[in-house]
Amino acid sequence: MFINRSDELAFLNSKWDQRGGQLIILWGKRRVGKTELVKRFIQDKPALYFAAEMTSRRDQISQFSVLCAEFYKDPLLASRGFGSWDEVFLYLGQKKERLVLAIDEFPYLLDADSAVASIFQNGLDEHLRATSIFVLLLGSSIGMMEREVLGQRSPLYGRRTGQWKVEPMSFRHVRRFRPDASFNDQISHYALAGGMPAYWLQFEDKLDFWQNVVQHVLAKGQYLYDEAEFILRQELREPRHYFAILSAISQGKRKLSEIVNATGFPPTLINKYLGILADLHIVERELPATENKPHKAKNGLYQIQDAFLHFWFRFVFPRRSLIEMGQVQLLAAGIRREWPVYMGGVYEQVCAELLTAAGADFFPFLRVGRWWNRTEEIDLVATNEEANRILFAEAKFTGKPVGTNIYDDLRRKSKLVVWGAPGRREQFSLFSAAGFTDAMLRLAETEGVALWEGEERVI
């Protein structure tokens, strides 16, 4: 199943339509769908697609030789193979045909030979410059791709003709992996798998959410059972330290001081590790949507960006002994008890996405996020300083319809938000997974409050 990625495909095809050679860099987190994207892109084009493996340099070149010999039907190349990547570029430089050369997991080549970036740079300059070969380098190791391929010190810096970071899918797109399921089923799976297509493909359509959790996340030997540890050990040199930090954040220790106290690590070390996790887009620092000096702000809260890692550290990591003892159903029951509270935060994220997509119905949003001070919190605030307009919203994932008391409280809290110039224009919106009371529906009609039930706007 291939869903969305229309912007990415349009970008790649626009580059393909340009004359001359290209060097395009695609990078993004593991399981985000880079390989499927490239396979879709090259399905109607002459292409050499090489999936690099974690083997020696010699084995990598040997494997590429076989692929290249089969593509060009070259018996001589099949018998002798290439001796180096320099020979690869020399060979390809003699070809006149338009061609996509896609190398997946380019960081594996870098691991096997630190000189590969220089060799590729020289090959592009000396042999492929006059060709129309479309070189596409893919990588899942975000740190290595941004440092060794995209960074200013990389030999390939300045050689690329385009780049695209492949992001996780939005809820509105990824939910299409379960098109016949209810909204609650879809958003529950989203709380577990986020926007990672590879994770959604593990779920069985015939199973409900809790069955998929038990059979595909908590069952030893399944794809997702060791996924969190695999991902972190691939990216990090000292995973046990990062495990402690991520565990603390998942349990609600979101301030820097709280993380320090929970882990026992000194602040300087915590700052270093948080910086690395942020660079890998595993952790992010959240600030109030009205913060006008983000670089100097001291009220930031750390949160785990990756939905699966958040779920795993919140629910599975502290209780893995239950799995080892064969108490999977007991573990699942514990997750179910805490799930409604957990889903509140996930629903807020989905509502932020819905609100952003509907911005044209209100005013152009320049920022969308939460707001808080020491005692109060608003789920969503959207602002536009130029227009001096602000929107306040609450999102409730409960089993009860939202009444006028939630709206009244939102209006009260909005007066605490110091933002904008005098005379700012204010709007209000409410999101509810269980709908609204009749009184709230009437009040919304009278006062122009935008109401959303689940993911659908009703007023």
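**Exercise 1.** Determine how β2 and strand β3 pair, and find the partner of Phe50.

*Solution.* β2 and strand β3 (residues 99-104) run parallel and are joined by five bridges; two strands pair if DSSP finds at least two bridges between them. Strands (E, at least two residues) and helices (H or I, at least four) are DSSP runs, numbered from the N terminus. Phe50 has Ile103 in β3 as its bridge partner.

The model is predicted: local features need pLDDT of at least 70, side-chain atom pairs count only at pLDDT 80 or more, and totals for chains, interfaces and linings use all residues. Residues are numbered from 1 along each chain as its sequence is written, and side-chain values use heavy atoms, with hydrogens and water left out.

**Exercise 2.** Give the strand order of the open sheet and name its edge strands.

*Solution.* The order of the five strands is β2-β3-β4-β1-β5, with parallel pairing. β2 (47-51) and β5 (162-165) each pair on one side only, as the edge strands.

**Exercise 3.** Describe the packing of helix α14 against helix α16.

*Solution.* Begin with the axes, which are lines fitted to C-alpha atoms, for helices over the stretch in contact, with angles from 0 to 180 degrees between N-to-C directions. Those of α14 (residues 239-250) and α16 (residues 267-279) come within 11 Å and cross at roughly 85 degrees. The helices are therefore roughly perpendicular, a term for 65 to 115 degrees. Next, list the contacts (heavy atoms within 4.5 Å): His241, Tyr242, Ile245, Leu246 and Ile249 in α14 meet Ile270, Tyr273, Leu274, Ile276 and Leu277 in α16.

Definitions and conventions. Parallel < 35°, antiparallel > 145°, perpendicular 65-115°, else oblique.
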